Amino acid sequence: MASATALLVRDELIGFAKSKVMLVLWVVLPLIAIVGYFLLPATLTGGGLGDGLGGGLSATAFMGFLESSLSGTVAALMVAVDIVSEKNRKVYELFVIRPIRREAIIWAKFIAVFSCVTVACVVAMALGIAVDVIRGQPMTGPMIYDAVKSVVALTGVIALSAAVGVFFGVVARSILVAVILILYVGQNLAIVPMLPMYLGILPGHFWVLMAVSGALVGVLLWISGLLFRRAEL
Amino acid sequence: MVASLVQLRGVTKRFYGQPVLSDVSFDIAPGEVFGYIGPNGAGKTTTLKILAGLITKFEGEVTIGGANVVTERDKTHALLGFLPQSAGFQNWRTVESALDTLGALSGVPSATRAKRIPELLERFGLSEARTKKVKQLSGGMTQKLGLIQALLHDPKVLVLDEPLEGLDPPSRKLLKDIIRERQRAGTTVLFSSHILSDVEDVADRVGILNAGKIATSGSIRELMTAFGLPIEIEVDLAVVPETLPFDGLGTVTPHKPDQWRLEVPTSGDADAIIHTLIERTLAAGGRIRKIGVAEPDLDDLFAQYITRSAARG
Ligand SMILES: Nc1ncnc2c1ncn2[C@@H]1O[C@H](COP(=O)(O)OP(=O)(O)OP(=O)(O)O)[C@@H](O)[C@H]1O
Ligand SMILES: [Mg+2]
């Protein structure tokens, strides 16, 4: 039933968008971006980060890195903690006794968290770039391409983090276990989309790695759905 | 014999190797109200969760409306309204939003929801709490919310796990009224309780579960026989005749002033004996204030029964 999924997505979006953690993100992410652009030079040179990018990491790319690793972690924790605590409070009993696809419940969570956090990040980045332009930094073609790539990478990081969060949320029985799994296992996975842009590894394979990330997200969500379907709730 | 709507056959469930249900079988006919009684830890919730499709790993076969609760979950869920023992709701939801979404997921059209949700809230005295967050509700109010979500889509089969728990006396009465109403409308109801007297005025049939086994099932009358309980006739006299009317009818014990209890022999017919008692009393110049079959204290009986079967092992 597609309408059930749509309904759950709508509800979860409302739930997450108004949650306390999201409210903080709505404020903190733009703040970091704006402050960041004020403080950073247009290009960061030297250091490990810029290696392999031939010249350095742009301020936009760096901000994307900062924002996505920050919000990716938050997204993963938020969705996992939400799923575990709702499982423990027996919230799902009332959902799964109804004639709906069980997977829809957790997929709706993924879509909601992914959208909320991504929107917050993109808005923050846009604000940062706008501040930069107002300061007199000209927008060149390569810069725009760089910004687009940053946003795509950021989206990938958040999607992968949220998918990891869903997976561990479904698997773990306690919030503590979910948090530990995300911090020590999940975070290593969410680095994949960061490799070319931010870490300078496989720089020529940006789009390939994005595709790999997308596939990973799909696989994680599919497995989570399968496990959630079989689980005794 | 009407085909049963709910059917359990040889259900055995183990948790970590420990049997929690052992070979539980019972049937519920369409339109029947079935009371599922047992002490703490008897396995009531486990049984009801199996029916609701929440527990899927067990031995035996369970069907609702002929559909298997494990392999044909969509069919059984379309028939089912379920109240878990402790219903949880998402923290951020208001009473209205929780009910509206659950109703929609049960396939209730939005126009119907817009009518039924306020009606049910009103009936349970929750109209005021409509816009409150679920987490701000009291225990009893949350229980009522759980009941409303089970009733919302007018299910064919209602499975309620301790529905009376946490309700105040007027709400208990209301729920019993609703169960009777639903029954008249053709709904089949299965509900659990610890308390036998809770179910006697609504349940057509009772199943008693003890330590994972169905100890007995049947109508309350049949259960009393199973309990080995003699039927007693209570006689209250306004004017006591010179000769008491009990001669040869059974064992008599004075109960209260001017009140006697006559134990009907197992071969006896209570109705015929009452008739004889009335005739004899009036003929002897006595006057009757009240006469009838005495109400047994079901809860006492039940407690005795459980203790006895526990002793037997
Ligand atoms: N998830 C579980 N894991 C292990 N044991 C369980 C689990 N759920 C129930 N049990 C055990 O199964 C037995 C029956 O539990 P159940 O909840 O079905 O009893 P109940 O009749 O509903 O009791 P109550 O009246 O207290 O609600 C208990 O001994 C309980 O400890
Ligand atoms: Mg129980």
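1. Within chain A, a salt bridge joins the side chains of Asp82(A) and Lys109(A), at 2.8 Å from N to O. The two partners belong to distant parts of the chain, 27 residues apart: Asp82(A) lies in helix α4 of chain A, and Lys109(A) in helix α6, which covers residues 103–134. The model is a predicted one. Over all chains, a search of the whole structure finds 25 salt bridges. Side chains of opposite charge can pair when their charged atoms come close.

2. How many salt bridges does the rule find across the interface of chain B and chain A? The number is two. A salt bridge between the side chains of Asp11(A) and Arg93(B) has an N to O distance of 2.7 Å. On the side of chain B that touches chain A, the elements giving two or more residues are α2 (73–79) and α3 (95–105) of chain B. By class, that side of chain B comprises 12 nonpolar, 11 polar and six charged residues.

3. The extent of the interface may be stated as follows. Contact involves 29 residues of chain B and 26 residues of chain A. The two chains bury about 2500 Å² between them, and 53% of this is on carbon and sulfur atoms. The rule also finds 12 residue pairs in polar contact across the interface, with both residues at pLDDT 80 or more.

4. The next points concern empty space. Rolling a probe the size of a water molecule over the atoms shows where empty space is left. The largest pocket has a volume of about 800 Å³. Its lining consists of 28 residues, and those nearest the centre are Gly15(A), Ser19(A), Asp82(A), Asn91(B) and Trp92(B). Two or more residues of this lining come from each of α1 (2–17), α2 (20–39) and α4 (59–88) of chain A and from α3 of chain B.

5. Which element gives the most to the lining of the largest pocket? The answer is α4(A), with seven residues. Asp82(A), which is among the residues nearest the centre of this pocket, is also the residue that forms the salt bridge with Lys109(A). By class, the lining of the largest pocket holds eight nonpolar, eight polar and 12 charged residues.

6. The second largest pocket contains about 620 Å³ of space. It is lined by 18 residues, and Lys90(A), Arg173(A), Ala231(A), Glu232(A) and Leu233(A) are the closest to its centre. The elements that give two or more residues to this lining are α4, α7 (141–171) and α10 (206–230) of chain A, together with α1 (44–51) of chain B. The lining of the second largest pocket divides into 10 nonpolar, two polar and six charged residues.

7. The structure holds one cavity of 30 Å³ or more. About 40 Å³ of space lies in the largest cavity. From chain A, its lining includes Val91(A), Leu94(A) and Phe95(A); from chain B, it includes Gly88(B), Phe89(B), Gln90(B), Arg93(B), Ala98(B) and Leu102(B). Two or more residues of the lining come from α5 (93–96) of chain A and from α3 of chain B. Six of the lining residues are nonpolar, two are polar and one is charged. Arg93(B), which lines this cavity, is also the partner of Asp11(A) in the salt bridge described above.

Note on methods
Residues numbered from 1 in each chain as written. Chains lettered and ligands numbered in written order. Predicted model: local features only at pLDDT ≥ 70, side-chain atom pairs only at ≥ 80, totals over all residues. Heavy atoms only, no water. Contact = heavy atoms within 4.5 Å. Buried area = accessible area lost by both parts, 1.4 Å probe. Salt bridge = Lys/Arg side-chain N within 4 Å of Asp/Glu carboxyl O. Polar contact = N/O pair within 3.5 Å; in protein donor to acceptor, adjacent residues only side chain to side chain. Helix = DSSP H or I, 4+ residues; strand = E, 2+ residues; numbered from the N terminus. Nonpolar A, V, L, I, M, F, W, Y, C, P; charged D, E, K, R; others polar. 1 Å grid on protein atoms, 1.4 Å probe; cavity = no way out; pocket = protein on both sides within 12 Å on 5 of 7 lines; lining within 4 Å. Points joined across faces, edges and corners; volume = space filled by probe spheres on them.
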